Amino acid sequence: MSRSNPLKLLLLSTPVGAIGSGLGGGVELTLTNIARSLILLNHSVTVIAPEGSVLDGIPLVPIAGNLQITAQSQGRDALITLPANSVLGNAWNYARQVQHEYDVLINFAYDWLPFYLTPFFERPIAHLVSMGSLTDAMDQIIAQVAEQFPATIAVHSLAQAETFSFRDRCFNLKNGFDLSQYQFNPTSKNHLAWVGRIAPEKGLEDAVAAVDQTGIPLKIWGVIQDEAYWNHIQASYPNAPLDYCGFLSTQDLQKALGESRALLMTPHWVEAFGNVAIEALACGVPVIAYRRGGPAEIVQAGKTGWLVEPDSVAGLVEAISKLEQIDRAECRQQAEREYSLEAIGERLEIWLDRIVQSQDL
Ligand code: HBI
């Protein structure tokens with residue numbers, strides 16, 4: 001579906017890491033997929049990102065300077081900080097100079113500056129907020145933009161929007177993936193999967209406790225972000241059948257993940273979306289997830305996986321025993337129906353049209 005009047009779009013990435021470094025987390029994949037989706041719709045797309053970023057076939061403006069520290073490592077009362085010669089400041093100074101070459105700017109940074117600068121720009125800025133509420137200063141500045149520029153704030157799930165006071169002014173973009181990168185696997189080997197940063201908010205210990213009871217091997221992929229936490233889990237469950245498989249590229253991960261009986265998602269925080277849930281579904285892998293945050297809005301209980309009482313290991317064990325009720329082809333079909341580049345493309349068109357129209361008034 002291509003639109004009548006294509007837009008010239010400038011996408012500004014996260015300042016916490018170069019695209020392809022893994023430092024940027026989920027938003028690296030999100031930005032790449034949204035850029036691809038917009039190009040499929042005939043828009044012209046340019047991306048601004050920290051130097052060293054890699055983005056095949058999409059015009060990229062590298063920005064030098066010092067990376068931003070991550071927002072989730074701050075407390076609720078964290079001060080707004082910028083390093084000297086910040087990538088964030090340099091990126092938005094560049095954007096100010098070139099803004100008239102574009103129709104809409106799209107901000108992917110979960111940082112104070114882009115929101116503060118929005119009223120000073122002569123071109124509309126659309127903001128894709130990548131996490132739930134984390135700090136008072138961010139909540140306040142995003143609320144101000146949501147108030148002054150209705151329709152410009154997008155989120156990945158209703159649960160994420162619920163964490164903010166401006167929940168009713170959030171457009172639910174969900175997410176979208178290039179599903180041609182994911183191979184449907186109709187059969188599985190006898191192991192379960194867990195994918196994500198190994199850190200306390202991700203709740204890996206619950207998945208380990210569940211397989212310690214069921215005896216089904218658990219393959220684990222992801223960066224060990226908190227070594228002490230990982231060592232504590234291993235010490236607590238010395239006999240659990242665990243297999244740590246490292247941090248893989250999308251291509252290698254989807255191949256290995258696709259052989260799993262199911263993906264276990266055990267977040268202890270409100271996961272804004274849960275990209276790995278879609279990656280699993282795209283490979284035909286059912287998802288067993290706590291009924292919490294983004295994954296609870298993705299999994300269709302009894303059809304593409306099971307939803308479990310949050311923090312209930314017994315619930316995880318019970319869901320694992322019901323996996324044969326799930327048809328793996330249904331999992332792939334849900335990914336294609338709701339989370340393909342075409343599907344998010346339709347949502348992007350609605351979001352951008354509303355912003356362009358509110359400008360014309
Ligand atoms: N922290 N300060 C800051 N800015 C971001 O853009 C940011 C972040 N932490 C995590 C993050 N982005 C991405 O990993 C999101 O996908 C969650």
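In the classification used here, Ala, Val, Leu, Ile, Met, Phe, Trp, Tyr, Cys and Pro count as nonpolar, Asp, Glu, Lys and Arg as charged, and the others, Gly among them, as polar. With these classes, the lining of the second largest cavity in this predicted model divides into 10 nonpolar residues, one polar and no charged.

That second largest cavity holds about 60 Å³ of space, and its lining includes Leu 12, Ser 13, Pro 15, Ile 63 and Trp 92. Strand S2 (44–50) and helix H2 (87–98) each supply at least two residues of this lining, and H2 gives the most, with four residues.

The count of cavities of 30 Å³ or more comes to three. The largest cavity is lined by 17 residues, of which Gln 68, Leu 79, Ile 80, Thr 81 and Asp 111 lie nearest its centre.

| Cavity | Volume | Lining by class |
|---|---|---|
| Largest | about 220 Å³ | 11 nonpolar, five polar and one charged residues |

A separate point concerns Ser 249, which lies in the loop between strand S10 (242–244) and helix H8 (250–257). Because its relative accessibility is 38%, Ser 249 counts as partly exposed, a class that lies between the buried limit of under 20% and the exposed limit of over 50%. The C-alpha atoms of Ser 249 and Gly 20 are separated by 9.5 Å, although the two residues are 229 residues apart along the chain.

Conventions: Residues numbered from 1 in each chain as written. Predicted model: local features only at pLDDT ≥ 70, side-chain atom pairs only at ≥ 80, totals over all residues. Heavy atoms only, no water. Buried < 20%, exposed > 50% of the residue type's maximum accessible area, 1.4 Å probe, protein only. 1 Å grid on protein atoms, 1.4 Å probe; cavity = no way out; pocket = protein on both sides within 12 Å on 5 of 7 lines; lining within 4 Å. Points joined across faces, edges and corners; volume = space filled by probe spheres on them.
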